[in-house]
Amino acid sequence: MLPRVLTIAGTDPTGGAGLQADIKAINEAGGFPLSVTTALVAQNTCGVREVHTPPVEFLRAQLDAVFDDVQVDAVKIGMLGSAEITHAITEYLDRHPVPFLVVDPVMVATSGDRLLSVEAEDAVRELCKRATIITPNLSEQAVLARAEEVRTHEEAIEQATALARDLGTAVLVKGGHLEGDRADNAVVHPTGEVFRIRNVRVNTTNTHGTGCSLSSCLATRLAVGQPLDKAAQWATLWLSTAIRHADDLHVGKGHGPVDHAAWNRMYREAASTAPWDLSPAPSEEKPLVAPAGPHTQALWSRCSSLLRAILGDGFLTLLADGTLPEEAFRFYLEQDAFYLREYGKALAGVASHSPNSQDMIAWARDAQNTMTEEANLHREILGGETHTDPSYVTLGYTSLLGAAAGKDYAVAAATVLPCYWLYAEVALRMAEKNTPNHPYQAWLSAYADEGFIEDTRQAIERVERALEAAGEATREEATRNFMYAAYWEREFFGQALRAS
């Protein structure tokens, strides 16, 4: 059953903020949206023009219409506007308690102007005491804390710690308005416990409605059943994806909205059952590990656009900037550990078909390295052996490898090549992001290592020789299998973000 999530807020006719953004965020996060209007706002991406506030009696009538008919699983509260409205909602929720309440205390405009009277601010502070979590920006956090606005993330956490203790509710510290490359968030609990959420700033001015969207998403993930910390992390990741795609929307002349549907569009594209295009249009992506001849050049021309898709996938983007959630990275590694065991068997199968002892030894050596060195890396990062069942992506990829091992040598060799080549290309491009304090430094270093790059060069050369010696029909089959494996590489990287 979809959780039923109520947003209580003002409107935005251009769809980027307020109720309209809340409804989209709730829907995208997995809930059924309900809405109650506190104010009719004539606004767009350039600013607010006029606000019409209906009588409080009409607000209560809207609330009655919802609660008399629907079981509400979570409530998100945004723009209130006055002490009278705030008191009315507080009293109503006291009589109609809900499992989760997220309050986004809209109190300070982007310009820094205070939007509420002192009486209304006190009423909002009282409402916040009933919340599961509040999501103020730093200016609003300062107002609630009755303190000066802070300038650093650590100062914000320190201020939020005192505020959370005072209110008896959790505070989401948002780093989006701070300066620098980071836009980290943090959940500060009333106990003083802090859950930090890594997040990189996206270079865009199209951030209209981010506060509304984040709080609505958070309320929905709580209603879905996620614990508070994980719900906040999921909401942060979802919003970051929406911001990354905001510039593609071209909505409005001012600060445009975020792309609320970007996350679920990723799911829809991954779920497509349309057959893969085995001859996609080549991209301008130049290989960093060169082809060994015309046959491997032809393979690269076909798969280069897939490399661009892999690099643009959210998983690698987040891994490179260090903000990938640890559970997503662990999921990836657990699946990779299963994959490598099967890949080692496939390499051994290729070795057994090799036409000469030199190539046989090389494939067998790589099979041994796969089963030892790479496996040791996984055990080191994961903290021991793992016996996770394969996902359907992992199972599909390894099934292709297993079937190819029984085919002609050239077909089998071409099938295992994308795991060398695309991995090497990805690793070399991501190496510039690697630093000693990068959270995924060990993984980034392993696959950009010159030893692995040299193994990749030699594997490309062996495949080139195999295709040169093969007949036309065998080369066509080898090319098909190479492309299938390249697509599975794309799916393998992308699956971790879809596991939550």
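Threonine 135 sits in the loop between strand 6 (133-134) and helix 5 (138-145). Helices here are DSSP runs of H or I with at least four residues, strands are runs of E with at least two, and both are numbered from the N terminus. Threonine 135 has 0% relative accessibility and so counts as buried. Buried means under 20% relative accessible area, exposed over 50%, and partly exposed in between (1.4 Å probe, protein chains only). Leaving out residues up to four places away in sequence, threonine 135 touches Val102, Val103, Asp104, Pro105, Leu172, Lys174, Ser215 and Leu218. Contact means heavy atoms within 4.5 Å.

This is a predicted model: local features need pLDDT of at least 70, side-chain atom pairs count only at pLDDT 80 or more, and totals for chains, interfaces and linings use all residues. Residues are numbered from 1 along each chain as its sequence is written, and side-chain values use heavy atoms, with hydrogens and water left out.

An open sheet of nine strands runs in the order 3-2-1-4-5-6-7-8-9, with mixed pairing. Strand 3 (47-52) and strand 9 (194-197) stand at the edges with a single partner strand each, so one side of each lacks a neighbour in the sheet. Two strands pair if DSSP finds at least two bridges between them. Strand 1 (residues 4-10) and strand 4 (residues 74-77) run parallel and are joined by four bridges. Threonine 7 has lysine 76 as its bridge partner in strand 4.

**Helices 4 and 6**

In helix 4 (residues 118-128), the buried residues are Ala120, Glu121, Ala123, Val124, Arg125, Leu127 and Cys128. Their cover includes strand 4, helix 3 (83-95), strand 5 (100-103), strand 6, helix 5 and helix 6. Alanine 160 belongs to helix 6 (residues 153-167). At 0% relative accessibility, alanine 160 is buried too. Beyond residues up to four places away in sequence, alanine 160 touches Gln141, Val171, Val173 and Val188. Alanine 160 and valine 124 are 36 residues apart in sequence and 16 Å apart in space, C-alpha to C-alpha.

**Cores**

A nonpolar core is a set of buried Ala, Val, Leu, Ile, Met, Phe, Trp, Tyr and Cys residues joined through side-chain atoms within 4.5 Å. The largest has 104 residues, and Leu218, Tyr332, Trp363 and Trp443 have the most contacts inside it. Helix 15 gives the most to this core, 17 residues. Another core lies apart from it, with 46 residues, among them Val56, Leu101, Val124 and Ile157. Tyrosine 332 is in contact with Phe315, Tyr423, Trp443, Phe492, Phe493 and Ala496, leaving aside neighbours within four places in sequence.

**Pocket and cavity**

On a 1 Å grid over the protein atoms alone, a cavity is a set of points where a 1.4 Å probe fits but cannot get out; a pocket is an open set with protein on both sides within 12 Å along at least five of seven lines; lining residues have an atom within 4 Å of a point.

| Space | Volume | Lining by class |
|---|---|---|
| Second largest pocket | about 850 Å³ | 13 nonpolar, six polar, 13 charged residues |
| Largest cavity | about 40 Å³ | six nonpolar, three polar, no charged residues |

Volume is the space filled by probe spheres set on the points, which are joined across faces, edges and corners. Ala, Val, Leu, Ile, Met, Phe, Trp, Tyr, Cys and Pro count as nonpolar, Asp, Glu, Lys and Arg as charged, and the others, Gly among them, as polar.

The second largest pocket is lined by 32 residues, with Ala309, Gly312, Asp313, Gly314 and Thr317 nearest its centre. Helix 2 supplies the largest share of the largest cavity's lining, four residues.
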